[in-house]
Amino acid sequence: MALSLTFHVLISVLVHLSLVSTEKHSHHHHASHTLHPHTPSPNQQLQQAYHALQAWKKVIYSDPKNLTADWVGPSVCSYTGIFCAPSPSDPNTLVVAGIDLNHGDIAGFLPEAIGLLSDLALIHLNSNRFCGILPSSLANLSLLYELDLSNNRFVGPFPDVVLSLPSLKYLDLRYNEFEGPLPPKLFSNPLDAIFVNNNRLTSLIPRDFTGTTASVVVFANNDFSGCLPPTIARFADTLEELLLINSSLSGCLPPEVGYLYKLRVLDVSYNSLVGPVPYSLAGLGHLEQLNLEHNMFTGTVPLGVCVLPSLLNLTFSYNYISEEEGICKNLTSRGIAVDDRYNCLPDKPLQWSQKVCDAVLDHPIDCYDHECSAMAPLVAPSTAGPSIAPGPSDT
């Protein structure tokens with residue numbers, strides 16, 4: 001992915017802090033641990049950081065790798081996982097600018113005192129056992145550029161506090177237990193990456209998208225409902241990856257998805273989408289991966305999709321597609337990986353039986369004549385699939 005998180009971003013952001021730079025970046029990389037500075041002379045910011053980190057240590061209940069064992073004494077810049085850099089307001093003053101405790105398997109929660117770390121640019125807490133709700137004091141972290149809380153046990157409604165962080169560009173909340181609706185404001189903030197997949201989020205995807213700067217948006221594996229709103233087109237100028245896997249979506253895929261001209265990855269698999277594959281997808285000239293599997297799509301694979309110049313992988317298995325146009329019948333000749341199993345394609349192996357195809361195709365969906373709420377699928381593939389023995393088409 002364009003934003004595969006590596007620790008290189010730490011060096012990048014800390015350098016920006018030291019240069020008082022306001023330049024904004026859309027790609028993220030990890031840095032090495034070689035940035036630890038020498039122990040600084042005491043200053044007010046480091047004293048505040050000391051109090052915050054000691055308060056945090058007191059609510060860490062399990063640290064099997066002993067990452068916080070050396071969090072002792074006022075020399076916080078020598079603590080494991082703590083990184084210091086010159087203050088953007090005073091290059092002669094060191095401050096705590098980054099925290100990286102990724103893959104620490106640490107159990108505990110985030111105390112209100114974390115708000116004292118007001119110079120933080122990065123927080124990386126991926127793959128721990130932190131729990132509870134996010135403290136409101138996070139709103140004090142006005143320089144926070146990257147927040148990765150993925151793969152923990154945080155709970156509660158979507159943490160609105162993250163929407164008040166003016167410098168935040170990278171938000172990763174995936175693999176937690178946040179629940180309830182997504183706030184529309186999430187998509188009006190100037191974020192570059194939004195990962196909210198694998199939570200317990202529900203309700204509709206917000207319809208009033210006002211535009212976003214995000215290049216990657218991952219909604220997957222939540223319990224949303226309803227349709228993908230046509231206002232998704234407002235992501236067009238920046239969005240490169242859109243993943244909506246297993247998000248309980250229904251209705252038709254709006255043709256406005258085809259306006260996302262920068263898309264490289266589009267994955268709407270494992271939903272209950274109906275109707276034809278929009279021909280507008282032929283406008284996605286940069287698209288490399290298109291995954292439509294496990295839905296209720298019918299009709300034709302549009303020729304314009306099959307001739308996309310950058311296409312590498314097309315998956316539309318477990319649908320009810322009944323026709324492939326032109327070169328679509330032999331995409332492997334172009335070196336494109338294709339999975340077309342379990343559709344209603346004549347003369348292709350491993351298709352649904354004629355009986356199943358007739359039952360679905362006798363009730364065509366016209367996406368222009370149906371409101372989103374009225375376009376529920378007749379039979380979900382997850383229901384039809386197990387009752388039909390895999391095998392060649394039964395004509």
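Helices here are DSSP runs of H or I with at least four residues, numbered from the N terminus. Helix 3 is one of them, spanning residues 303–306, and Leu303 lies in it. The model is a predicted one.

**Salt bridges**

- The structure holds 9 salt bridges.
- One of them joins Asp105 and Arg129, whose closest N and O atoms are 2.9 Å apart. Asp105 sits in the loop between strand 3 (94–100) and strand 4 (107–109), and Arg129 sits in strand 6 (residues 129–132), so the pair ties together parts that are 24 residues apart in sequence.
- Asp105 has a relative accessible area of 33%, so it is partly exposed. Arg129 also counts as partly exposed, because its relative accessibility is 21% and buried means under 20%.
- Glu288 and Arg264 meet through their side chains in another salt bridge, at 4.0 Å from N to O. Glu288 belongs to the loop between strand 18 (272–276) and strand 19 (289–291), while Arg264 belongs to the loop between strand 16 and strand 17 (265–267), so this pair ties together parts that are 24 residues apart in sequence.
- Glu288 has 25% relative accessibility, so it counts as partly exposed.
- Glu288 and Arg264 are also part of a network of salt bridges that links them with Glu240 and Glu241.
- Asp339 pairs with Arg341 in a further salt bridge, with the closest N and O atoms 2.9 Å apart. Arg341 is partly exposed, at 32% relative accessibility.

**Cavities**

- A search of the whole structure finds 2 cavities of 30 Å³ or more.
- The second largest cavity has a volume of about 40 Å³.
- Val277, Leu290, Leu292, Val301, Pro302, Val305, Leu314, Phe316 and Ile321 line this second largest cavity.
- By class, that lining has 9 nonpolar residues, no polar residues and no charged residues.

**Surface patch**

- Tyr279, Leu303 and Val307 make a nonpolar surface patch of about 280 Å².

- Most residues other than glycine have a negative phi.
- Asn246 lies in the loop between strand 15 (241–243) and strand 16 (250–252). Its relative accessibility is 37%, so Asn246 counts as partly exposed.
- Leu350 is found in the loop between strand 23 (337–339) and helix 4 (354–361). With a relative accessible area of 36%, Leu350 is partly exposed.

Notes: Residues are numbered from 1 along each chain as its sequence is written. This is a predicted model: local features need pLDDT of at least 70, side-chain atom pairs count only at pLDDT 80 or more; totals for chains, interfaces and linings use all residues. Side-chain values use heavy atoms; hydrogens and water are left out. On a 1 Å grid over the protein atoms alone, a cavity is a set of points where a 1.4 Å probe fits but cannot get out, and a pocket is an open set with protein on both sides within 12 Å along at least five of seven lines; lining residues have an atom within 4 Å of a point. Grid points are joined across faces, edges and corners, and a volume is the space filled by probe spheres set on the points. Ala, Val, Leu, Ile, Met, Phe, Trp, Tyr, Cys and Pro count as nonpolar, Asp, Glu, Lys and Arg as charged, and the others, Gly among them, as polar. Patches are made of residues with over 30% relative accessible area and no salt bridge: like charges are joined within 9 Å, nonpolar side chains (Val, Leu, Ile, Met, Phe, Trp, Tyr) within 5 Å. Accessible areas come from the Shrake-Rupley method with a 1.4 Å probe; for residues, only the protein chains shown count as cover. Helices (H or I, at least four residues) and strands (E, at least two) are DSSP runs, numbered from the N terminus. Buried means under 20% relative accessible area, exposed over 50%, partly exposed in between (1.4 Å probe, protein chains only).
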